[in-house]
Number of protein chains: 2
Amino acid sequence: MDETRNRTGPGKATRVAPEDRLDAQIGYNLRRASALALNDFAVELADAALRPVTYAMLALIDERPGIRAAELCRQLGMKSANMAPLLAELEERGLVERDDHAQDRRVQMLALTKAAKQAMPAWRRQVRRHEDRFLQRLTKKERATLLRLLRLIWSEDGPN
Amino acid sequence: MDETRNRTGPGKATRVAPEDRLDAQIGYNLRRASALALNDFAVELADAALRPVTYAMLALIDERPGIRAAELCRQLGMKSANMAPLLAELEERGLVERDDHAQDRRVQMLALTKAAKQAMPAWRRQVRRHEDRFLQRLTKKERATLLRLLRLIWSEDGPN
DNA sequence: GATAATCGCTATGTTGCATAGCTTTTATAA
DNA sequence: TTATAAAAGCTATGCAACATAGCGATTATC
């Protein structure tokens, strides 16, 4: 059960500087933590059939009704190529409305439907439960710190 | 250019509790930060043709020569179904050796080849550069804090 | 008025990760 | 000891996130 007990096998372990070890890399730990969060989100929001991306879209449209599709892409860091089918899906499910812009005929203005507006509070509560679960080992203060540090990493990295 | 200037359009913005706003959610920020890191990693390690997953495999094998494939799966949180083709790729590229276990014929013991062992230091330096770049807005202390909090989130979540 | 940029979109490929199912081998229990 | 369960490694396959290339329509800019 323990390969270190095998003496026929491998050569000497390469001694690696502590800061170079895999588990000391923030990128690796980011990936692992994010994967766990993604997973837990999927479990909690399974009945609502919402994934992290679709929820993010709905949440932002809810917070900024009338937002343009292109602006939604920018805010969420998505390509419009990937946004388009997702918006179509949400529209078909009766959650998002696409209205033409009066001045600029290229633009679509997005808004939640009545049904989506009514459902959002419950979905937000579910997301809160999800966050409380996968962050249960962190204190309130630690969560605030984590939030600040994560924002520092990715915010305002593009030309915006 | 500013949809808030449009007065024909959307209804009132749903007022959302600050802690419920999308950008206050740690899961969302985790995903964004992780995506940025993944991207930066790909740029830095493009010439080495290493992705985060393959690098993680090599790094762990380097740190624990003779590790079994199943144990590598457990450590990296991967399914063996996904590990298998990656190991085959690394073997074909002459980076990983698979040796039979003396006592248990189901088991494969993994080790880096000479070539891989020789290349690892340079790759580790590249990863260090990558981390220094996408974490440039964080102090050393903040990086240590972030590392600790991320580990708290995902470590020892499974049955292990 | 010509050129460039923006917007929304389709098509398509890659990658990470999931499940289902299989064979071989070892561990455990009747 | 034999039957059953578990572990190891693998193939096949599907899905979701993300990327690029390119298109038509519209608007902005020179």
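What pLDDT does chain A average, and what share of its residues score at least 70? Chain A averages a pLDDT of 91, and 89% of the residues score at least 70. Here pLDDT is the predictor's confidence in each residue, from 0 to 100.

This is a predicted model: local features need pLDDT of at least 70, side-chain atom pairs count only at pLDDT 80 or more, and totals for chains, interfaces and linings use all residues. Residues are numbered from 1 along each chain as its sequence is written, while chains are lettered from A and ligands numbered from 1 in the order in which they are written.

**View 1. The fold of chain A.** Chain A has six helices and two strands. Helices (H or I, at least four residues) and strands (E, at least two) are DSSP runs, numbered from the N terminus. The order from the N terminus is α-α-α-α-β-β-α-α. Of the 160 residues in chain A, 29% are buried. A residue is buried if 20 or more other C-beta atoms lie within 10 Å of its own, exposed if 12 or fewer, and partly exposed in between, with C-beta atoms placed from the backbone. Take the contacts in chain A between residues at least 6 apart in sequence: 46% join residues at least 24 apart. Two residues are in contact if their C-beta atoms, placed from the backbone, lie within 7 Å.

View 2. Over residues 1–9 of chain A, the pLDDT is below 50. Beyond near neighbours in sequence, this stretch has twelve contacts in the model. Arg15(A) sits in the segment before α1 of chain A. Arg15(A) counts as exposed because it has 6 C-beta neighbours inside 10 Å. Arg15(A) and Ile61(A) are 46 residues apart along the chain, and their C-alpha atoms are separated by 51 Å.

**View 3. The loop between α1 and α2 in both chains.** Ala49(A) lies in the loop between α1 and α2 of chain A. Its phi is near 55°, a positive value in a residue other than glycine. Ala49(A) has 9 C-beta neighbours inside 10 Å, so it counts as exposed. In chain B, Ala49(B) is in the loop between α1 and α2. Phi of Ala49(B) is near 55°, again positive in a residue other than glycine. With 9 C-beta neighbours inside 10 Å, Ala49(B) counts as exposed.

View 4. What span should the 13 residues of α4(A) have at 1.5 Å a residue? They should span 18 Å, and the end C-alpha atoms are 18 Å apart, which agrees. The expected span of a helix is 1.5 Å times one less than its number of residues. Just after α4(A), Gly94(A) takes a positive phi of about 75°.

**View 5. The contact between chains A and B.** Here 65 residues of chain B are in contact with 64 residues of chain A. On the side of chain B that touches chain A, α1 (26–44), α2 (52–63), β2 (108–112), α5 (114–134) and α6 (140–154) of chain B each supply at least two residues. α1(B) gives the most to this side, with 13 residues. By class, the side has 33 nonpolar, 13 polar and 19 charged residues. Ala, Val, Leu, Ile, Met, Phe, Trp, Tyr, Cys and Pro count as nonpolar, Asp, Glu, Lys and Arg as charged, and the others, Gly among them, as polar.

**View 6. The relation between the two copies.** A rotation of 180° with 0.0 Å of shift along its axis superposes chain B on chain A, with an RMSD of 0.0 Å. The two copies are therefore related as by a two-fold rotation axis. The same surface serves both: 97% of the contact residues of chain B recur in chain A. Copies are superposed by least squares on the C-alpha atoms of residues with pLDDT of at least 70 in both.

**View 7. The surface near DNA strand C.** Of the 23 residues around DNA strand C, Ala69(A), Ala70(A), Ala81(A), Ala81(B) and Arg105(B) come nearest. A residue is near a strand if its C-beta atom, placed from the backbone, lies within 6 Å of it. α4(A) gives the most to this surface, with five residues. The surface near DNA strand C divides into twelve nonpolar, four polar and seven charged residues.

**View 8. The surface near DNA strand D.** DNA strand D is surrounded by 22 residues, and the closest are Ala81(A), Arg105(A), Ala69(B), Ala70(B) and Ala81(B). The largest share of this surface, five residues, comes from α4(B).
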